[in-house]
Amino acid sequence: MNQRDIQRIVTAHQQREGAGFLVRRPVPTQGLDQVDPFLMLDEVGPVTYGREEALGAPDHPHRGFETVSYILQGEKLHEDSTGKTQLIGPGDVQWMTAGAGIVHSELPGPDFYKSGGVAHGFQIWVNLPARDKFATPGYQYLPAHEIPTAESPDGKVHVTVITGEAFGVQAAIGTHTPIWLQDWQVETGVETAIPLDATFNAAAYVFNGTVAFGPQSKEVQQGQMAVFGPGDSLQVAGSAPGGRFLLLAGAPIGEPVAWHGPFVMNTEEELRSAIDDYRRGRMGIIDRA
Ligand code: MN
């Protein structure tokens, strides 16, 4: 086995985005445009909202890629131009294929909005290859209890397998290209190795505690993302007090990226048609009648 080493560590500073949510965004960041096929990783919150204070993103379009919502705390209401409505609660995942174009809203769930509380979760943007950029829009939704989980033989590593495979457990969500997105929780003192296809790009974003990676067991702190170099195995060690990280790994798409706001295409011309199609209503509207 050829161990992957840490190539760089990115510290994600908290910033305000959109309507004013607090977001940590390790990618894209200065000098790191993407971890192909991952275009963006946002850790939203944790933020405590008072009654009727919670914020969200009203109707907006997407085309040419996928958006993944993974909620840890709080509740999000998704509505879209295909006519679907989905409440996404703690531990749930929504893997949305914007494909040819969708308009959706991501607002606080009505009960959560009324009561307030802690909102914490992730929004991840995954690119689609040119051949799938006009895929039929839709989403895969899994409530927390239907997401496969895996454990190390000693029970000290717990993995939520959103996509890919861990300790022999296969994910239930399908992807257009090979993508491993997983939530790993490791206890202090644990050592384990993640077999990762040598063709994959790979990164790990630590969002709780501290986790050590690579042959030198270098520590990565909460709010930092490690980007890994080549190899077919990733060594993970649980530093005190233990930690939790999102594993982002996948086959790079390797195509030109033309990105403007909510649209991610291959060329500027495709971006212009995306903007034009949206303005002309060709991505639909959310019918709330
Ligand atoms: Mn969106």
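The manganese ion is held by four donor residues: His60 (NE2), His62 (NE2), His104 (NE2) and Glu106 (OE) coordinate the ion at 2.1 to 2.3 Å. Keep in mind as you look around that this is a predicted model. Below, we go from the metal site to the sheet and then to the nonpolar cores.

**The metal site**
- Along the sequence, the donor residues of the manganese ion follow the spacing H-x1-H-x41-H-x1-E.

- Seven strands form an open sheet with antiparallel pairing, and their order is 2-3-4-11-6-9-12.
- Strand 2 (14–17) and strand 12 (138–142) are at the edges with a single partner strand each, so one side of each has no neighbour in the sheet.
- From one strand to the next, the twist averages 25°.

**The nonpolar cores**
- The largest nonpolar core has 28 residues, and Leu41, Phe122, Ile124, Met225 and Leu246 touch the most other members.
- Several strands supply at least two residues each to this core, including strand 4 (38–49), strand 11 (117–127) and strand 22 (233–250).
- Beyond its neighbours within four places in sequence, phenylalanine 122 is in contact with residues including Leu41, Val68, Tyr70, Phe207 and Leu246.
- Another core lies apart from the largest one; this one has 27 residues, among them Val159, Ala202, Val211 and Phe228.

How values were computed
Residues numbered from 1 in each chain as written. Predicted model: local features only at pLDDT ≥ 70, side-chain atom pairs only at ≥ 80, totals over all residues. Heavy atoms only, no water. Donors = N, O, S within 2.8 Å, 3.2 Å for Na, K, Ca; no water. Pairing = 2+ DSSP bridges. Helix = DSSP H or I, 4+ residues; strand = E, 2+ residues; numbered from the N terminus. Axes fitted to C-alpha atoms, helices over the stretch in contact; angles between N-to-C directions. Core = buried A, V, L, I, M, F, W, Y, C linked by side-chain atoms within 4.5 Å. Buried < 20%, exposed > 50% of the residue type's maximum accessible area, 1.4 Å probe, protein only. Contact = heavy atoms within 4.5 Å.
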